[in-house]
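Keep the structure in view while reading.

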Amino acid sequence: MKQLVVISGKGGTGKTTVTGALGFLANKLVLADADVEAPNLHLILNPIIKEQEPFIGMSKAKIDPDRCVGCWACIDACRYNAIFKNGDVAKVDNLECESCHACGLVCKESAISYEPSQSGVTFNSESKWGPMSHAQLAMGEETSGRIVAVVRENAKNLSKEHQEPFILIDGPPGIACPVIAAVTGVDLALIVTEPTISGLSDLERAYELVKHFEIDTRVVINKADIASTMATKIREFCNNNNIPIIGEIPFDPIVGKAIANRRTVIEEDANAPASIVLNDIWNKIETEWLFSE
Amino acid sequence: MKIAVASGKGGTGKTAVAVSLAAVASTKSCCLIDCDVEAPNAAHFLRKDITETKTATVPIPKIDYNFCNFCGACGQICQFNAIAVLLKEVIVLDKLCHSCGACSIACPVPGALTEVPKEIGLIRVGNSNFGNIKVIDGLLNIGEPIATQLINQVKETNQNSDVTIIDCPPGAACPVIESIKGSDYVILVTEPTPFGAHDLSLALELTSVLRIPRAVVINKDDPNTDQEEIESLCRKNNAPIVLRIPFKREFAQKYAVGELFIYQDLELRSDMLTMLENIESEIQKAKGVVD
């Protein structure tokens with residue numbers, strides 16, 4: 001099994017665009033969309049859902065108003081301001097409740113119970129190039145990282161089932177829990193950056209994260225020609241840290257057209273400047289990593 | 001007034017809009033809070049110096065083996081699997097700890113379990129290059145999984161300003177809710193692409209739960225693109241489109257080097273000021289109704 005994750009630190013640099021194109025070029029693989037909060041990969045790969053499972057999250061507190069005597073001990077115990085006075089009794093704000101169960105410990109009236117709630121859905125789907133694991137978190141939920149872990153696990157199972165060893169993962173933006181869950185245990189990380197001051201500072205953070213997890217890393221500079229001074233700074237950063245840059249994709253209006261037509265850049269126009277670079281990136285990944293020991 | 005700038009999708013232009021709003025509002029006392037503690041960027045555009053840096057900490061359990069009798073109560077109550085009680089050892093997995101304090105309540109032996117601070121990141125306060133803007137941001141330590149606690153602490157650092165602009169992180173989970181909470185208004189920034197529309201619909205769902213009035217800004221606007229999906233979403237959700245920022249390569253180039261391209265464009269600046277004034281009067285009207 002060989003797992004490649006595409007991350008960025010900064011949102012909007014082109015992770016999904018690059019992942020979709022690489023998926024098309026790989027032609028036979030397992031895909032995973034680890035951005036469970038705002039997933040986009042399915043919009044250009046158009047997979048058919050084969051199975052879906054509710055993801056049961058944490059158990060949120062529920063207060064029985066008939067048992068509550070209004071002592072407010074639960075309000076004092078709750079560090080998330082998730083319980084409020086509702087007339088004479090206490091009531092839980094579901095959005096704020098972090099399911100820690102501290103309130104139940106202090107309630108002397110046994111008025112508090114805990115109910116598991118569905119906090120998302122996971123999907124096993126079929127794309128034109130192989131099985132795809134993805135999910136959608138319910139809005140505002142906190143179990144993002146846990147659902148990402150399920151998406152990753154499902155991808156591994158699909159890989160074994162279909163005897164398809166290559167797993168390509170579209171990662172979420174940021175560097176916290178969901179990204180950590182997306183990168184742990186992968187064999188290669190591709191950081192997609194853009195030549196902007198924000199792109200560079202977030203590349204530095206994303207790189208620090210993958211370095212922390214000792215993951216082999218490559219960089220792709222997307223929209224590379226929009227700001228040459230910043231592109232130079234990114235190259236300098238990569239050189240200073242021995243991070244190979246495996247492609248510099250020019251800003252290309254074909255990308256917008258491809259997304260608008262709900263397909264990968266290569267399918268939109270295989271001869272466009274962006275497609276040529278993406279092809280080159282895939283060749284490097286295939287020869288230098290996928291087929292090497 | 002407090003205005004949050006959010007999106008759902010990353011890279012739509014939240015920071016560009018937030019810093020420009022702060023620049024436009026800076027005739028009054030203004031505070032820009034960057035709640036994207038995983039990948040903060042607002043300071044690149046606005047902050048000229050850092051006047052204060054604080055370490056942010058959260059409490060995590062610490063076991064005193066002089067008192068602990070390994071009863072296991074702390075491990076049993078922890079919903080986050082952050083405590084493992086063995087025969088003669090208690091393992092605290094601090095990265096899983098949510099600092100809820102339940103273990104402290106559950107421990108029956110005085111002195112056996114106390115809470116000690118663990119560093120999770122930094123909070124930085126500074127002044128802007130121009131205008132009367134305080135710029136506050138947070139930087140989560142690499143490897144720390146939870147952003148929400150730091151976001152909460154960054155917001156609490158807020159000075160009392162006439163206008164507070166909150167630059168929110170991308171996504172649709174807890175960190176976004178934490179950033180937006182307490183705001184008088186939310187501006188959702190989107191882009192006219194299927195990704196933008198898809199994620200705008202998630203952001204509209206997310207913000208409707210909070211019952212805070214919202215409006216939509218379309219960034220990188222291109223009249224040649226099909227906008228029907230976004231326009232229909234905004235109509236259905238009663239979220240007016242209040243500003244369209246055209247896609248221009250020169251805007252991207254200025255943004256790339258940390259320049260306030262919206263503020264520098266006189267027409268856009270004027271449109272943004274009008275948008276701000278309209279939001280202010282809407283907030284005042286809503287407060288009037290409540291009072």
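In β6 of chain A, Pro116(A) is the bridge partner of Ser59(A). The model is a predicted one.

- Strands β3(A) and β6(A), the latter covering residues 112–127, run antiparallel and are joined by 13 bridges.
- Nine strands of chain A make up an open sheet with mixed pairing, in the order β3-β6-β7-β2-β8-β1-β9-β10-β11.
- At the edges of the sheet are β3 (48–63) and β11 (245–248) of chain A, each of which pairs on one side only.
- From one strand to the next, the twist averages 20°.

**Helices on the sheet**

- Helix α7 of chain A, residues 197–212, packs on the sheet and touches β1 (2–7), β9 (188–193) and β10 (217–221) of chain A.
- The direction of α7(A) makes about 170° with that of β9(A).
- Helix α8 of chain A, residues 228–240, lies across β9, β10 and β11 of chain A.
- Relative to β10(A), helix α8(A) runs at about 170°.

**Cysteines**

- A disulfide is a covalent bond between the sulfur atoms of two cysteines.
- Over all chains, the count of disulfides is zero, with a cut-off of 2.5 Å between the sulfur atoms.
- Cys78(A) is in no disulfide, and the nearest cysteine sulfur, in Cys100(A), is 6.2 Å away.
- Cys78(A) has a relative accessible area of 14%, so it is buried.
- In chain B, the closest cysteine sulfur to that of Cys107(B) belongs to Cys71(B); the distance is 6.2 Å, which is too far for a bond.

Conventions: Residues are numbered from 1 along each chain as its sequence is written. Chains are lettered from A and ligands numbered from 1 in the order in which they are written. This is a predicted model: local features need pLDDT of at least 70, side-chain atom pairs count only at pLDDT 80 or more; totals for chains, interfaces and linings use all residues. Side-chain values use heavy atoms; hydrogens and water are left out. Two strands pair if DSSP finds at least two bridges between them. Helices (H or I, at least four residues) and strands (E, at least two) are DSSP runs, numbered from the N terminus. Axes are lines fitted to C-alpha atoms, for helices over the stretch in contact, and angles run from 0 to 180 degrees between N-to-C directions. Contact means heavy atoms within 4.5 Å. Buried means under 20% relative accessible area, exposed over 50%, partly exposed in between (1.4 Å probe, protein chains only).
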